[in-house]
Structure formats: structure tokens, C-alpha cells
Amino acid sequence: MAYSRHVPRRSYDHYCAASRALDVVGDRWALLVVRELCAGPRRYSDLLADLPGISTDVLAARLKDLEHDGILTRHRVGPRATTAVYELTPTGAALRPVLDALSTWGTTLLGERRPTDAMRPQWFALPLGRAVADRIGTGTVTVHLGDTTFHIVVGEHGITHHDGPAAEPDAELRLDWTAATAVATGAKSLADAAEWIPQPT
């Protein structure tokens, strides 16, 4: 798939797949926008709230660029179609393993949470997804973290996570922030850190 920019942008001008990819998603905040959309569609206000530190101008620019490059799509919802919602395309969704690899690589850099560090429940979906895969192999697990619920699917095409509870999960678990952090940093296994909720038989 060839990418072209609607406005002139700097390119590495390297005949290399990695540099071509960075031409598209290497801008500051671009991959974190993708991270937020991995679980499902988001409104502009949702993205702004869950990307602390981004300015409105930068978010608008990243969304425009990523839409132009086929990473996400925008559509309008609501009674009068007044609300714009952003969603990953299949091309954008294919970046999740890239984010997962970055998350794995960055685990040793996490360290203690700094006073200035923001934290959101969905940011734990990547390390928890790997922990779920290690624990159950394949299947679907509903995760309750604080007041947020999402579910993780481990299948033949890898790991994905989605908003809300699974319709028929193979397992269900509950974690607090301390437990989730312990799993994310590798201090504890998911089996030891989480409260597992018995499923109906």
C-alpha cells in the first residue's frame, strides 16, 4: 500500500520498510492515538481526555494525518449525525502487535510511577493481554480494573482487547491498580495478582 501526504511532510527518504512505516506513524502521539483506538471507536473528546498532555491542535492534526493515510476512519453518529467517531481500519488494527512489542520492550523502563505520570485503565490492556495469553493459552477473559471493564481475546490471529465485558467469557477477573501495576511490571503473575471470579457452569 503506497502512502501519500495531503500536505508536505518530512520523510526519511530511505528505501526501507521500517522508515516508510515511521513516515506514517512516527510523529509524536501518532501511535498513542492508535493505542487508544485499539479497544474500539472513540470520540474526539474521549481521545483528548485519555491522552493527557496532547494539545487540541496536535490531536486534530494527528487524526487528520492518520485518516488520510488509511490508519483510521471517521464517521458521524447520533440522532442528527453531529458527533464524529474515530475507528481503526484493518490497516490501523494491524499495528496492535507493534504496540504490544513496544510495550514488552518498555516494561523494564517503567520503574516506579512518577508524581507527574498519568494513568488510565485501558493502558494496562497490552501487558494484561500478554499475561492472559500466558495463563489461558487461547480464549476470552473479561477484566474489571477499577471502574473500567474490557475484555481480552487470545486466538489464532493474536491478542486483541475490546471495550466492555465479553458476552461469554472463558474467565473473568478483577484487579485494583496495585495488582495491575504488579502484573505490568512483571512483579507478580496474573494468577497471583488477580481475583478470579467463578463462572457459571
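**Entry 1**

Lying across rests on contact, that is, heavy atoms within 4.5 Å. For the angle, axes are lines fitted to C-alpha atoms, for helices over the stretch in contact, and angles run from 0 to 180 degrees between N-to-C directions. I noted that helices (H or I, at least four residues) and strands (E, at least two) are DSSP runs, numbered from the N terminus.

This is a predicted model, in which local features need pLDDT of at least 70, side-chain atom pairs count only at pLDDT 80 or more, and totals for chains, interfaces and linings use all residues. Residues are numbered from 1 along each chain as its sequence is written, and side-chain values use heavy atoms, with hydrogens and water left out.

Two strands count as paired if DSSP finds at least two bridges between them. S1 and strand S3 (residues 83-88) are joined by 2 bridges in the antiparallel sense. I found Arg 43 opposite Val 85 in S3.

**Entry 2**

I then took the pairs in turn. S5 and S6 run antiparallel and are joined by 6 bridges. A hairpin connects S5 to S6 through 2 residues, and Val 153 stands opposite Thr 160 in S6. Strand S4 (residues 139-145) and strand S7 (residues 171-175) run parallel, with 5 bridges between them. Val 143 has Leu 173 in S7 as its bridge partner.

**Entry 1: Ala 171**

I picked Ala 171, which lies in strand S7. Is Ala 171 buried or exposed? Ala 171 counts as buried because its relative accessible area is 12%; buried means under 20% relative accessible area, exposed over 50%, partly exposed in between (1.4 Å probe, protein chains only). Leaving aside neighbours within four places in sequence, Ala 171 is in contact with Thr 140, Val 141, Thr 142, Trp 196 and Gln 199. I also checked Ala 81, 90 residues from Ala 171 along the chain: the two C-alpha atoms are separated by 37 Å.

The axes of H6 and H7 come within 9 Å and cross at roughly 90°. H6 and H7 are therefore roughly perpendicular to each other (angles under 35 degrees count as roughly parallel, over 145 as roughly antiparallel, 65 to 115 as roughly perpendicular and the rest as oblique). Residues making this contact include Leu 99, Asp 100 and Ser 103 of H6 and Leu 126, Pro 127 and Arg 130 of H7.

Asp 100 is buried, with a relative accessible area of 13%. Which side chain makes a polar contact with the side chain of Asp 100? I found that of Arg 130, at 2.8 Å. A polar contact is a pair of N or O atoms within 3.5 Å; within protein, one must be able to donate a hydrogen and the other to accept it, and residues adjacent in sequence count only if both atoms are side-chain atoms.

**Entry 2: helix H8**

In H8, I listed Ala 179, Ala 180, Ala 182, Val 183 and Ala 184 as buried. The buried residues of H8 pack against H6, H7, S4, S7 and helix H9 (190-193). At the start of H8, a side-chain oxygen of Asp 176 reaches to within 3.2 Å of the backbone nitrogen of Thr 178. Just after H8, Gly 186 takes a positive phi of about 85°.

**Entry 3: confidence**

I ended with pLDDT, the predictor's confidence in each residue, from 0 to 100. The protein has a mean pLDDT of 92, and 95% of its residues reach 70 or more. Over residues 1-5 the pLDDT is below 50; beyond near neighbours in sequence, this stretch has 15 contacts in the model. Where pLDDT is low, the predicted coordinates should not be read in detail.
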